[in-house]
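Please read it alongside the sequence and the structure shown here.

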Amino acid sequence: MMNTVVMRAEKDNLESIAAAASKLLLAGELVAIPTETVYGLAANAYDGEAVKNIFKVKGRPQDNPLIVHISDYIMLNDVATGVSDAALRLAKEFWPGPLTLVLKKTEAVSEVVTCGMDTVAVRMPSNPVAAAIIKAAGVPLAAPSANLSGRPSPTTAQHCVDDLSGKVPLIVDGGHCDVGVESTVLSMVGEHPVLLRPGIISIEEIRKIAPDAQVSHAVVEELKEGEAALSPGMKYKHYSPKADVVMVEGSLEAFAEYVGARAANGVFAMCFDGEEESIGVPSISYGAKGNGESQAKRLFSVLRAVDAIGAERVYVRAPEDDGVSLAVFNRLIRAAGFKVVKL
Ligand code: TXA
Ligand code: MG
């Protein structure tokens with residue numbers, strides 16, 4: 001077990017935090033860092049040994065590649081090649097910010113990052129702490145979400161402490177993440193841009209810049225037996241709390257009746273703001289109805305809280321499946337192992 005230090009980033013200590021984090025990163029160590037989406041577990045993307053350690057610490061499957069985080073366009077050219085005009089237009093519109101582009105990789109990026117693929121997922125985070133750390137390190141940082149594999153992504157430093165204490169030397173505390181779900185992942189290496197993972201930047205927003213962008217069906221549907229995943233992350237049952245999660249579509253009245261009839265010890269519900277008292281089992285809100293941003297921000301904290309109270313079964317009010325809510329729907333349907341009850 002190593003000693004894990006938590007450093008709280010404030011406006012006036014950003015430089016010294018970035019210096020401490022980058023020193024560790026350049027020495028091959030892992031550092032948990034805040035980003036605008038979720039916390040990331042970062043390593044120098046050029047250091048294969050350090051990146052291997054990310055997979056080990058997280059217990060991450062060896063075939064699920066990592067996102068490379070950059071702080072400027074010089075770094076983009078260091079890690080990606082043959083970047084199309086459409087990709088550049090999207091970058092100019094949404095970077096720095098929660099959009100990840102899958103591009104052709106250069107030799108510089110360690111094979112460990114991309115799991116041997118010839119493409120690399122790249123994003124330029126807008127969180128000032130993340131940006132300062134990448135800049136101070138002077139190298140791109142490979143960083144998956146800083147949770148143990150299979151746990152909900154961390155949206156606070158405490159979540160990182162819960163999962164990584166004793167396993168990494170430094171966790172940088174940047175407060176609660178603004179967005180709360182991981183970045184939108186868009187493949188830019190095929191004939192059309194393809195949405196591989198929905199995030200707060202919706203497909204509708206992307207189509208304003210790239211009208212031919214498509215949505216991979218795996219975003220809302222389970223992959224068929226033997227079907228190849230465009231993005232390895234699609235295969236895994238992510239965001240899975242210990243409890244059995246069931247997504248329920250229908251009105252509040254129908255939901256309350258359905259769940260009420262199944263009330264028992266260990267049975268909980270996840271609902272929208274103001275609905276907590278109308279359901280016959282202990283209920284916790286994960287955001288405002290019809291407001292994808294507010295749901296995204298709270299979703300992972302609530303999934304972690306549900307585990308912490310020892311829930312055995314959780315019925316969840318289904319969010320919409322368009323706009324920003326598609327990102328929330330996508331996380332929940334995976335947490336539910338694609339179990340959906342339609343009332
Ligand atoms: O918001 C985020 O993206 C956060 C923060 C820390 O930046 N990171 C994150 O990383 O969510 P991770 O590793 O948990 O998710 C990366 C996703 C996975 O679904 C992975 O399969 C996909 O990106 N991915 C990575 N490289 C890829 C590639 N070359 N082609 C297709 N998908 C790729
Ligand atoms: Mg993840």
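**Second largest pocket**

The second largest pocket holds about 280 Å³ of space. The model is a predicted one.

- Lining the second largest pocket are 17 residues, of which Ala9, Asn127, Pro128, Val129 and Gly174 are the closest to its centre.
- Sorted by class, the lining of this pocket comprises six nonpolar, six polar and five charged residues.

**Packing of H10 and H11**

- Two packed helices are described by the angle between their axes and the distance between the axes.
- Helix H10 spans residues 292–308 and helix H11 spans residues 325–335; they pack at an angle of about 30°, and their axes are 8 Å apart.
- Angles under 35 degrees count as roughly parallel, so H10 and H11 are roughly parallel to each other.
- The crossing in which H10 passes H11 is left-handed.
- On the H10 side the contact is made by Gly292, Gln295, Ala296, Leu299 and Phe300, and on the H11 side by Ser325, Val328, Arg331 and Leu332.
- Five nonpolar, three polar and one charged residue make up this contact of H10 with H11.

- Most residues other than glycine have a negative phi, and most peptide bonds are trans.
- The peptide bond from Trp95 to Pro96 is cis, and its omega is near -10°.
- Pro96 sits in the loop between helix H4 (85–94) and strand E6 (99–105).
- Cys115, a residue other than glycine, has a positive phi, near 55°.
- The loop that contains Cys115 runs between helix H5 (111–114) and strand E7 (119–123).

Key:
Residues numbered from 1 in each chain as written. Chains lettered and ligands numbered in written order. Predicted model: local features only at pLDDT ≥ 70, side-chain atom pairs only at ≥ 80, totals over all residues. Heavy atoms only, no water. Axes fitted to C-alpha atoms, helices over the stretch in contact; angles between N-to-C directions. Helix = DSSP H or I, 4+ residues; strand = E, 2+ residues; numbered from the N terminus. Parallel < 35°, antiparallel > 145°, perpendicular 65-115°, else oblique. Left-handed = near helix turned anticlockwise from the far one by under 90°. Contact = heavy atoms within 4.5 Å. Nonpolar A, V, L, I, M, F, W, Y, C, P; charged D, E, K, R; others polar. 1 Å grid on protein atoms, 1.4 Å probe; cavity = no way out; pocket = protein on both sides within 12 Å on 5 of 7 lines; lining within 4 Å. Points joined across faces, edges and corners; volume = space filled by probe spheres on them.
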